[in-house]
Every structure is written in structure tokens, then in C-alpha cells.
There are 2 protein chains.
Amino acid sequence: MTLSRRELLRTVPAAALAAGLPRFASAAGGAGGDGMIVRMQEPRNLETPLADLGGVTPTEKFFVRSHFAVPTVEAKGFTLAVEGHVEKKLELALDDLKKMATVTREVTLECAGNGRVFLVPQGRGLQWGNGGVGNAKWTGVPLGAVLERAGVKAGAVDVVLVGADKGAITSDPPSPGPIHFDRGIPLAKAKADETLLAWEMNGEPLTTAHGAPLRAVVGGWYGMAAVKWLTRVVVTDRPHAGFWQTMDYSVWDRSGASPQVVPITAIQPKAVITSPELNTVVAAGKKLTVAGVAWAGEQAVKSVELSADGGAMWAAATVEASKPLTWAKWTAEVTPAKGPLRLVARCTDAKGNAQPEKRDPDRRTYMINHLVPVDVTAK
Amino acid sequence: MTLSRRELLRTVPAAALAAGLPRFASAAGGAGGDGMIVRMQEPRNLETPLADLGGVTPTEKFFVRSHFAVPTVEAKGFTLAVEGHVEKKLELALDDLKKMATVTREVTLECAGNGRVFLVPQGRGLQWGNGGVGNAKWTGVPLGAVLERAGVKAGAVDVVLVGADKGAITSDPPSPGPIHFDRGIPLAKAKADETLLAWEMNGEPLTTAHGAPLRAVVGGWYGMAAVKWLTRVVVTDRPHAGFWQTMDYSVWDRSGASPQVVPITAIQPKAVITSPELNTVVAAGKKLTVAGVAWAGEQAVKSVELSADGGAMWAAATVEASKPLTWAKWTAEVTPAKGPLRLVARCTDAKGNAQPEKRDPDRRTYMINHLVPVDVTAK
């Protein structure tokens with residue numbers, strides 16, 4: 001019996017578990033990982049295979065992005081501090097949060113570096129394919145409701161989300177000693193309906209890998225704002241300038257007085273072809289269903305187009321009903337002639353913003369939504 | 001005849017000039033450089049020898065810090081744009097500025113990396129000794145008067161000073177294409193008396209190396225804010241986040257919600273021993289005058305102390321009358337016994353802030369004012 005490369009990859013974790021390696025399994029923070037693509041071993045960073053994109057991503061198939069060793073934060077005795085530029089500092093237990101009006105929202109999270117493996121020249125960071133993205137049902141309370149309870153003072157600007165995970169920055173500028181992962185978001189986004197403090201994912205308590213016992217979900221924004229293992233919320237009266245929005249997860253912006261380095265915010269429109277996969281063989285002269293998924297952050301997807309000739313001609317794809325914050329499946333049909341076939345998908349959001357043809361280098365190694373063809377061969 | 005190493009160094013530029021190398025001489029933008037210490041050949045970055053620190057630094061002895069190739073900005077036809085969050089956009093010729101009420105101020109400028117050669121471990125950047133500092137008489141108009149003429153709108157936050165010099169950033173994050181050197185300063189500092197737009201240095205028109213025809217002088221702040229070859233002043237309604245105050249010329253600040261990376265501002269108190277120099281021989285058993293210079297940015301120098309035993313015991317030095325923004329000379333006397341002598345000087349500013357004993361690594365490779373001994377031998 002010959003195993004394909006993928007089958008081999010899928011077999012390895014099971015074999016390792018069978019051999020009894022609980023220490024390694026726990027290092028992933030309960031990330032599962034069976035069938036997932038490992039993008040970094042420790043801390044564990046896992047990518048979802050293309051075939052699993054679309055719909056609600058099962059928790060064990062949801063991509064995992066961790067910056068530092070996964071912390072263990074016990075639900076028992078857990079408190080969330082809400083402080084800073086507020087009328088009343090809060091210390092909230094999980095039960096305090098659960099007594100508030102809970103909501104469940106389907107939200108797609110995408111890593112700001114998703115698709116980085118396609119950058120030319122290669123960019124620094126995790127080399128994600130297209131699977132650094134997932135869609136889940138998150139249950140929690142709106143961050144706005146918690147802020148209302150604390151009473152935000154006039155002049156508040158940012159809300160800083162601080163995780164329990166920490167480590168030393170070794171790139172320039174190095175941090176002397178470990179610092180906690182954090183991210184500040186503007187007050188308006190913090191108060192928006194789509195910004196939650198979540199303790200459930202897909203109807204189950206959060207797993208450790210996904211930020212248990214409490215994480216932020218900032219709908220429509222790249223994943224760096226969805227701080228896991230959340231323990232502090234700090235309201236500030238000036239823009240927060242933490243490492244993960246100045247040095248890291250920042251892009252060049254030339255719209256102002258002079259070029260600036262600004263924090264990444266909303267997810268850009270993107271259509272991904274999930275089938276056929278890159279470098280596979282399809283049948284010539286037969287109808288081929290090209291399938292994929294598309295999303296546009298805070299906007300709904302207005303349309304998806306497909307090109308079978310590398311972007312010269314485009315045809316409309318059929319898109320499932322789309323709404324903001326989550327992805328939608330789409331399909332299109334082509335009948336390829338024998339030879340190479342260059343498939344390209346393009347998403348346009350409800351505001352008319354389409355994926356750009358070319359990479360904008362001002363985005364550094366983030367916000368990757370330029371058109372990347374999927375080459376296959378028809379035989 | 002045997003030349004000392006210093007004499008050799010001093011001899012070389014004269015010899016080179018005698019050999020007729022105008023192309024190289026002009027590369028320094030008229031920086032002179034005879035007797036100056038070269039810290040970077042191109043763009044030319046020159047340090048002032050210790051013996052020349054104190055009093056008013058002659059223009060040809062004033063340290064030169066350039067980030068990119070020195071631009072040629074002609075005084076004839078020159079205009080300064082004043083724009084952004086203002087009532088009335090201005091285009092001012094040099095003569096327009098000269099018709100305003102001019103002022104002359106003595107201001108010490110220090111590079112934020114001055115003293116970097118003493119960092120352990122070695123820090124990235126120009127390896128300045130203690131001479132990346134100078135004191136000159138600057139003539140120009142207060143930036144505040146120019147802003148008043150343009151009419152700053154309510155809600156203004158920063159004033160961005162943009163130079164004509166430009167280049168591509170090659171460190172991470174690289175800038176796609178060249179960008180102009182710039183620096184935003186808060187509106188209050190922009191309006192302060194000590195912030196000038198200067199066209200004269202020590203009673204003569206600015207030289208190209210020092211920013212002709214117009215530069216900013218932000219008294220009391222490190223030199224990165226004293227933008228040379230100034231062509232644009234842009235008022236913004238939010239904090240500017242240019243490269244030279246986020247990635248570069250920024251330090252860690254842990255006073256807020258969570259660690260931040262913040263722009264460098266005011267010069268820290270510092271006393272430098274100019275005589276005797278490091279690793280020289282002094283006479284044992286004879287009175288030795290230790291001399292130096294001290295400054296404290298926006299504050300006057302309250303006191304300077306000297307230790308002759310590496311910091312165990314301190315004695316007050318005699319300090320010339322000191323005022324904010326400029327340096328003051330000081331002297332102290334010691335009678336060394338035979339053997340090694342470890343001299344350390346310490347400045348305390350008018351607010352009681354003294355130089356720290358140890359380096360704070362949160363300052364990255366900037367704001368270097370920890371105590372660094374000067375070791376000599378008494379024979």
C-alpha cells in the first residue's frame with residue numbers, strides 16, 4: 001500500500017499519539033491538530049487544510065495562532081480586570097460575565113499574514129498558505145456592555161486587550177524581559193456589536209488553544225485583535241502604541257501628512273479557491289466545478305468572479321447568501337481544454353472594493369489579498 | 001617626527017584637500033570636517049572632538065547627523081509649505097519668514113544616540129562617542145508665530161516637520177521607495193518659545209550640512225526633531241506615526257496600560273568629562289583639574305558631581321551659571337595617587353533628576369546618559 005504525502009502527514013500525529021507522547025500533545029494547548037498543517041511547532045501554529053474552509057469550522061479544524069507558549073489560565077478563580085480611563089474599575093469572574101446578556105455571533109477570523117507563503121519576495125513571519133482563516137460561532141458578551149458597566153470616561157480613545165500569554169521580543173527593538181501580548185482597538189470598534197468577549201466557540205467552552213477561558217473576538221478585523229487568554233481590558237485616553245500595533249501588525253500608510261506606520265484593522269476582501277487545489281490534474285473537456293470561499297471583513301461579499309485564463313476574462317461565480325463578518329461559499333463552472341489552466345478568483349465587497357491585482361508593498365507582510373492564481377493541468 | 005594617532009587623523013583631511021578632491025569634499029554638504037571624527041562616510045556623519053565641547057560650538061566643529069544623501073535646496077525660490085489642519089495654507093519664501101520678528105537662541109542639540117559606543121552589548125546605529133552634541137546660536141522665527149499666521153484649527157495634535165532629504169528604509173519594515181525624513185512634535189512643543197525655524201547658525205546663514213536654507217530647532221529635545229532642509233510643516237489632528245518616531249527614535253515605555261513604543265522627546269541630564277581624556281596619563285600627587293560640560297535639555301543644570309573612585313564617593317564640581325536649553329562648563333579638582341584613576345561625572349537637573357547609574361535597556365540604543373567612567377592612569 002502506498003500512502004500519498006497527505007495521508008502520510010495525517011498518519012503521523014495519530015502514530016505519535018499511539019506511541020504515547022502526552023507531553024508533546026499538551027504543548028499544543030489542546031489544539032488537536034489531526035490533519036492540520038503545522039506552520040510552527042512551538043508555540044504551535046496550525047493551518048486549516050483548504051478542504052475544510054467554508055461553513056462553520058469545527059473547533060479542532062480551526063487555525064491556531066499563538067505568539068508565545070500557551071498559558072494555562074484556570075477558569076476557576078479567573079477574573080477579568082477592566083480598568084484605566086473608567087469610572088469604576090471592575091474585577092469580573094466568568095460567572096459575572098455569564099450573568100450578562102449573552103450573544104452568539106458567527107464571525108470569520110483571518111490571520112493578518114494569511115497567504116504569506118505566496119509573497120514574492122518571501123516575507124518574514126509564519127508561512128501560511130490560504131488556511132490561516134476560520135469561521136466559528138462565538139458566544140459571550142459584547143465588550144460594549146462590559147465597558148458600559150465600568151463607565152467609560154470622557155476622552156477615552158482606545159481599549160487595550162491584554163492576554164495572559166507573554167514572552168520576550170527578540171527582533172529589533174528587543175523587549176528587555178517578557179511582555180504580554182496585547183492590542184488596542186479604538187473605542188468605537190470596542191463598542192460595536194461585533195466585538196465580543198467570548199467563552200464559547202461552536203457551542204462548547206473555549207479550548208486552551210483558542211484562548212480559554214476568555215478571548216476577544218473583534219468581528220471584521222484581522223485576528224491579531226482577537227486577543228486570547230484575555231485577563232485585562234484597559235481603557236486609555238490616548239492611542240495605544242503597543243508592540244503589536246507599531247512594530248508588528250502595522251503597515252505603511254501614505255494618506256496623511258507624511259508616510260506613517262499604522263496598525264492593521266479590517267479584513268480585506270478575498271476569494272480563495274478550495275477546489276481544485278494547486279498543481280493538481282483535472283479532466284479536460286468535462287465540466288469542472290471550481291469551488292471556494294470568500295469574505296470581506298466588516299462588509300458582505302457582493303460578488304465573486306472567476307477567471308480560467310490567469311485574469312484576462314472573468315465570469316461571475318454563484319455566491320451563497322453573504323452577510324458581513326462571515327465568509328460565504330461560491331462555485332463556478334468551467335470546461336477546460338487540454339493543457340495548463342490558470343484559475344484566479346476575485347472578490348468584491350458590498351462597498352465595491354475588489355481584490356487588487358498586484359501586491360501593495362506598503363502592506364509589508366500583512367493584509368495579503370492580491371490575486372494569486374491556482375495553476376492546474378487539464379488532461 | 002612621530003605623529004600621535006590623533007595628529008595622524010587630523011592630518012589626513014588636510015592632505016586629502018591638498019591633493020585636490022573637491023568631489024569628496026562636496027559630498028559632506030560643506031560639513032568641513034577638519035579635525036572631526038568621521039562616524040559614517042556617506043552620508044557624512046561627523047562627531048565633535050571632546051576638546052571642542054563647551055561654549056558656542058563653531059559651525060565647522062558642530063556634529064553632523066544626516067540620514068540620507070544631503071539634498072541641495074536652493075534658497076532662491078525656496079518655499080516652506082504650512083498646511084494640514086490649519087485655517088489657511090501658507091507658502092512662505094525665506095524673505096517672508098525674515099520679515100517676521102526674528103529671535104536668536106542659544107540651544108544645545110544632542111543626537112539621541114550620543115554615547116552609543118559605550119553601550120554593552122553594542123547597539124545598532126552610529127557609534128558616537130560623547131561628541132554627538134553641539135551648542136549654537138540659532139536665528140529664525142518661532143514656529144509658533146508661523147502656526148499663528150496659518151491659524152491652527154481646533155483639534156490639532158501634532159506638527160509634522162518634513163525635510164527635503166529622502167531615501168529608502170532598508171531595515172524592517174522596509175519602505176517601498178524613498179520617503180522623506182520627518183518628525184511630528186506635539187502642538188504644545190511646536191508653540192513653545194524654544195522651537196524655531198532657523199536660517200542662521202552662529203550669525204551666518206546655515207550651511208548645507210546643517211540644513212540650509214531652513215531647519216527646525218526644537219530646544220531641549222534630542223536632535224531627531226530638529227529637522228534639516230525643512231520644506232513642509234503639516235498640522236495633524238491625530239498623533240503622527242512616522243517611521244522616525246515609531247520604528248526609529250522610539251523607546252519602550254511601561255507607564256501605561258501595557259508596554260508601548262513611544263517617540264523620544266526631551267534630552268536627559270548628562271555630564272561629560274572633556275579633560276582628561278580616556279586612557280591618558282596624568283601626574284600623580286599633583287592637583288588635576290577635571291573639566292567638562294553638562295546639559296539637561298529643557299532644564300537648567302542644578303549640580304555636577306565628580307567621583308575619582310568609580311562612583312563610591314562624590315564631590316561637588318563648580319558649574320558655570322546654567323540655564324535651560326544650553327550646556328554649562330564645569331570643573332573639579334582632584335589630587336590622584338599613583339595608579340589607576342576612575343573618574344565619573346554626574347549631572348542633576350533643576351528638577352532633581354540625576355543621571356542613572358545603570359543603563360535602562362528599555363531605552364533601546366537611545367537616550368544614553370547612564371554613568372560611564374573615564375579611566376586614566378596617574379604616574
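The questions below go from the pair of chains to local elements.

Author: Keep in mind that this is a predicted model.

Reader: What kind of axis relates the two copies, chain A and chain B?

Author: Chain B can be laid on chain A with an RMSD of 0.0 Å. That takes a turn of 180° and a shift of 0.0 Å along the axis. The two copies are therefore related as by a two-fold rotation axis.

Reader: What percentage of the contact residues of chain B recur in chain A?

Author: The contact involves 33 residues of chain B and 33 residues of chain A. The same surface serves both copies. The share of chain B contact residues that recur in chain A is 100%.

Reader: Which residues of chain B lose the most area to chain A?

Author: About 2,500 Å² is buried between the two chains, and carbon and sulfur atoms give 60% of that area. On the chain B side, three residues together account for 23% of what that side buries. They are P176(B), W252(B) and A257(B).

Reader: Which residue of chain A forms a salt bridge with R124(B)?

Author: Between chain B and chain A the count is four salt bridges. In the one formed by R124(B), the closest N and O atoms are 2.7 Å apart. The partner is D172(A).

Reader: Which residue in β14(A) is the bridge partner of W252(A)?

Author: Strands β13 (residues 250–253) and β14 (residues 260–263) of chain A run antiparallel, joined by four bridges. A hairpin of six residues links β13(A) to β14(A). W252(A) has as its bridge partner V261(A).

Notes. Residues are numbered from 1 along each chain as its sequence is written. Chains are lettered from A and ligands numbered from 1 in the order in which they are written. This is a predicted model: local features need pLDDT of at least 70, side-chain atom pairs count only at pLDDT 80 or more; totals for chains, interfaces and linings use all residues. Side-chain values use heavy atoms; hydrogens and water are left out. Copies are superposed by least squares on the C-alpha atoms of residues with pLDDT of at least 70 in both. Contact means heavy atoms within 4.5 Å. Two strands pair if DSSP finds at least two bridges between them. Helices (H or I, at least four residues) and strands (E, at least two) are DSSP runs, numbered from the N terminus. Buried area is the accessible area (1.4 Å probe) that two parts lose on being put together, summed over both. A salt bridge is a side-chain nitrogen of Lys or Arg within 4 Å of a carboxyl oxygen of Asp or Glu.
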